[in-house]
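Please read the following report alongside the sequence and the model.

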Amino acid sequence: MFWAGAALSLALVFIFSPWLSSLRHQVVDLSAPLYWVSDLPERAGEWADNRLMSRAKLIHENQALRSENLVLAQKLQLNAALEAENFRLRQLLNASDSVEARVLIGEIIGVAPDPQVHKVLINRGSDNGVYVGQAVLDAFGLMGQVVEVGKYQSVALLITDTSHALPVQVNRNGVRLVADGIGDLDTLVLRHVANTVDIEVGDLLVSSGLGLVFPAGYPVAQVTEVLVDPGQAFARVKARPKAQMNRSRHILFVFEDNKGLE
Amino acid sequence: MLGPQPLRFHLALVSSVCLGLLFAVIPLGPELDIFRPELLCLVVIFWLLHAPAPLGLAFAFVVGLAQDVAEFGIWGAHAFALVILSYLLLNAKQRLKTYALWQQSLWIAVLIGVHQVLVNWVQGMAGYGTTVPVLLASIASTALIWPVFDALAWRLGRSLRLF
């Protein structure tokens with residue numbers, strides 16, 4: 001029974017103390033080969049997709065991308081004007097100007113196999129400048145934050161994990177809330193929403209930057225359900241994450257040079 | 001720990017654990033994930049039942065810890081559960097070996113059940129909790145796979161002249 005005691009004490013130390021955290025960063029690279037091998041079928045499929053695509057399909061895809069690019073470029077033009085205007089207004093207010101964040105592109109190479117644990121392994125590590133607490137996005141919204149960093153790989157905790165919560169804001173009116181993960185890839189639950197708060201189905205939630213972990217202003221989720229029961233102290237509000245939690249393969253790390261509140 | 005065993009026994013032991021670990025992390029998709037059999041548990045059970053060397057709880061501990069590290073889980077959760085499973089198994093080893101395979105399957109279901117509940121208990125301390133259907137799904141799939149697994153692994157072991 002010595003080994004049972006050893007295992008249990010290890011688990012308790014792991015959960016309730018920070019003593020193992022430096023070791024945790026070091027073994028990220030150890031488990032990477034396992035995920036690399038288990039990712040091989042996917043990789044082969046991707047390779048085949050890239051090499052064996054028909055000419056017609058390529059031309060079609062190229063056209064679609066070109067038109068999408070045009071639309072995005074048009075939006076960007078508008079954005080540039082707005083950004084300049086925003087900058088001038090901020091100068092009027094003497095507020096610190098928000099510098100555009102630097103990003104690094106990474107690829108998800110593994111997913112934690114336990115359905116309860118929402119963690120992903122990403123092929124960028126401390127060699128690429130990734131640090132603990134860094135925000136991870138996909139093309140659609142906020143995905144999670146880095147919790148363990150190896151030399152060449154890092155592990156990110158998704159915002160839908162049971163142990164994760166992040167401060168958000170309703171984009172329409174600026175109401176501040178906290179979005180909890182509940183272990184379901186399609187659902188976030190908003191904590192302590194008073195019955196009188198102005199929140200509706202379809203509202204966009206953006207990160208508020210209040211926890212000093214996530215940068216402010218990135219889309220997080222869309223409200224899908226608001227249940228106001230006058231008998232309860234708080235309304236029950238659910239939201240669906242904007243990021244494609246179980247589909248995105250390419251993700252972005254955000255580097256923040258001026259980390260702080262707006 | 002293992003005594004004078006041929007090199008191929010050690011190789012088989014290590015590679016079977018590696019394959020079990022690989023199966024534990026291979027992506028199955030959200031629908032199939034809850035039915036993932038605990039193949040690594042079966043690997044440990046198989047070796048404890050059939051290995052010519054006296055493998056013990058230390059072996060179970062190391063394998064469980066490797067699984068915890070590989071799955072980004074709570075270190076010690078699988079190690080603890082696997083050690084308890086092995087302890088129960090070693091106590092019932094002689095009786096278990098006289099049973100038919102389908103009867104063994106029932107025993108495996110009970111052992112895996114204990115394993116899953118213990119893993120869930122330790123993970124529960126860190127805020128993760130699973131539901132009963134999820135627990136039952138993996139218990140059922142593991143127990144169902146045992147007769148096939150045992151037969152195949154036994155054949156393979158014999159052809160490698162391990163036993």
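## Residues with positive phi

Arg161(B) lies in the segment after α7 (132-159) of chain B, where helices are DSSP runs of H or I of at least four residues and strands runs of E of at least two, numbered from the N terminus. Its phi is near 55°, a positive value in a residue other than glycine, and at 59% relative accessibility Arg161(B) counts as exposed (over 50%; buried is under 20% and partly exposed in between, with a 1.4 Å probe and protein chains only). Leu212(A), in the loop between β9 (204-207) and β10 (219-227) of chain A, has a phi near 65°, also positive. Most residues other than glycine have a negative phi.

## Basis of the model

This is a predicted model, in which local features need pLDDT of at least 70 and side-chain atom pairs count only at pLDDT 80 or more, whereas totals for chains, interfaces and linings use all residues. Residues are numbered from 1 along each chain as its sequence is written, chains are lettered from A and ligands numbered from 1 in the order in which they are written, and side-chain values use heavy atoms, leaving out hydrogens and water.
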